[in-house]
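Visitor: Hi, I have a structure open and would like to talk it through with you.
Guide: Happy to, let's have a look together.

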Amino acid sequence: MKFKVTIDREECISCGQCWETCSEFFEENSDDGFSQVISEYRIKDNPAEGEASEDLEDCVQEAADVCPVEIIDVEEMSD
Ligand code: SF4
């Protein structure tokens, strides 16, 4: 099972909770200060979209849960 993770970066308040909770997957963008997916896991080089394997599920889900503005979405991918 894989998971698609989406960050609505335009709504990010740069609080740092997601990358503090799950630094394996999220980081701060050095230009705008908003959250992004680390390059290794990006889908089509998009900083707002990434693919997480099952071993990262708990990590990305926890980050989504702690985001105060609830802009991190985690969805199961079909294949
Ligand atoms: S937890 Fe949410 S608001 Fe905070 S930096 Fe991460 S995506 Fe942005």
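**Strands, helices and a ligand**

Guide: Let's start at one end of the sheet: strands E4 and E5 pair in the antiparallel sense, over two bridges. Please keep in mind that this is a predicted model.

Visitor: Which residue in E5 is the bridge partner of Arg 42?
Guide: Gly 50 is the bridge partner of Arg 42.

Visitor: And what goes on in the hairpin of E4 and E5?
Guide: That hairpin has two residues between the strands, and Lys 44 takes a positive phi there, near 50°.

Visitor: Which strands form the sheet, and in what order?
Guide: The sheet is open and has four strands, in the order E4-E5-E1-E6, with antiparallel pairing. Strand E4 (42–43) and strand E6 (72–76) are at the edges, each pairing on one side only.

Visitor: How many bridges join E1 to E5?
Guide: Four, and the two strands run antiparallel. As an example, Lys 4 has Glu 51 in E5 as its bridge partner.

Visitor: What about E1 and E6?
Guide: E1 and E6 are antiparallel as well, paired over five bridges. Within that pairing, Thr 6 has Asp 73 of E6 as its bridge partner.

Visitor: Which helix packs on the sheet?
Guide: Helix H2, residues 57–66, does, and it touches E1, strand E5 (46–52) and E6. The direction of H2 makes about 145° with that of E6.

Visitor: Let me zoom out. How many helices and strands are there in the protein?
Guide: Two helices and six strands. Along the sequence they follow the pattern β-α-β-β-β-β-α-β.

Visitor: And the overall dimensions?
Guide: The C-alpha atoms fill a box of roughly 35 × 25 × 20 Å along the principal axes.

Visitor: How much of it is buried?
Guide: Buried residues make up 22% of the 79 residues. As for contacts with a separation of 6 or more, 61% are between residues 24 or more positions apart.

Visitor: On to the ligand. Which residues are the closest?
Guide: Cys 12, Cys 15, Cys 18, Ser 35 and Cys 67 are the closest, in a surrounding set of 13 residues.

Visitor: How does that shell split by class?
Guide: Nine residues of the shell are nonpolar and four are polar, with no charged residues.

Visitor: Let's pick Cys 18 from those. Where is it found?
Guide: Cys 18 is in helix H1.

Visitor: Is Cys 18 buried or exposed, and why?
Guide: Cys 18 counts as buried because it has 28 C-beta neighbours inside 10 Å, and 20 or more is the cut-off for that class.

Visitor: What does Cys 18 touch?
Guide: Leaving out residues up to four places away in sequence, Cys 18 touches Phe 26, Ser 35, Ala 63, Val 66, Cys 67 and Ile 72. Take Ile 72: Cys 18 and Ile 72 are 54 residues apart in sequence, with 8.8 Å between their C-alpha atoms.

Visitor: Where does Glu 11 lie?
Guide: Glu 11 is in the loop between strand E1 (3–7) and helix H1 (17–21). Glu 11 counts as exposed because it has 11 C-beta neighbours inside 10 Å.

Visitor: So what is Glu 11 in contact with?
Guide: Val 69 and Ile 71, if you leave aside neighbours within four places in sequence. By contrast, take Asp 55: Glu 11 and Asp 55 are 27 Å apart, C-alpha to C-alpha, with 44 residues of separation in sequence.

Visitor: How about Glu 70?
Guide: Glu 70 has a positive phi too, near 50°, and is found in the loop between H2 and E6. With 11 other C-beta atoms within 10 Å, Glu 70 is exposed.

Conventions
Residues are numbered from 1 along each chain as its sequence is written. This is a predicted model: local features need pLDDT of at least 70, side-chain atom pairs count only at pLDDT 80 or more; totals for chains, interfaces and linings use all residues. A residue is buried if 20 or more other C-beta atoms lie within 10 Å of its own, exposed if 12 or fewer, and partly exposed in between; C-beta atoms are placed from the backbone. Two residues are in contact if their C-beta atoms, placed from the backbone, lie within 7 Å. Two strands pair if DSSP finds at least two bridges between them. Axes are lines fitted to C-alpha atoms, for helices over the stretch in contact, and angles run from 0 to 180 degrees between N-to-C directions. A residue is near a molecule or strand if its C-beta atom, placed from the backbone, lies within 6 Å of it. Ala, Val, Leu, Ile, Met, Phe, Trp, Tyr, Cys and Pro count as nonpolar, Asp, Glu, Lys and Arg as charged, and the others, Gly among them, as polar.
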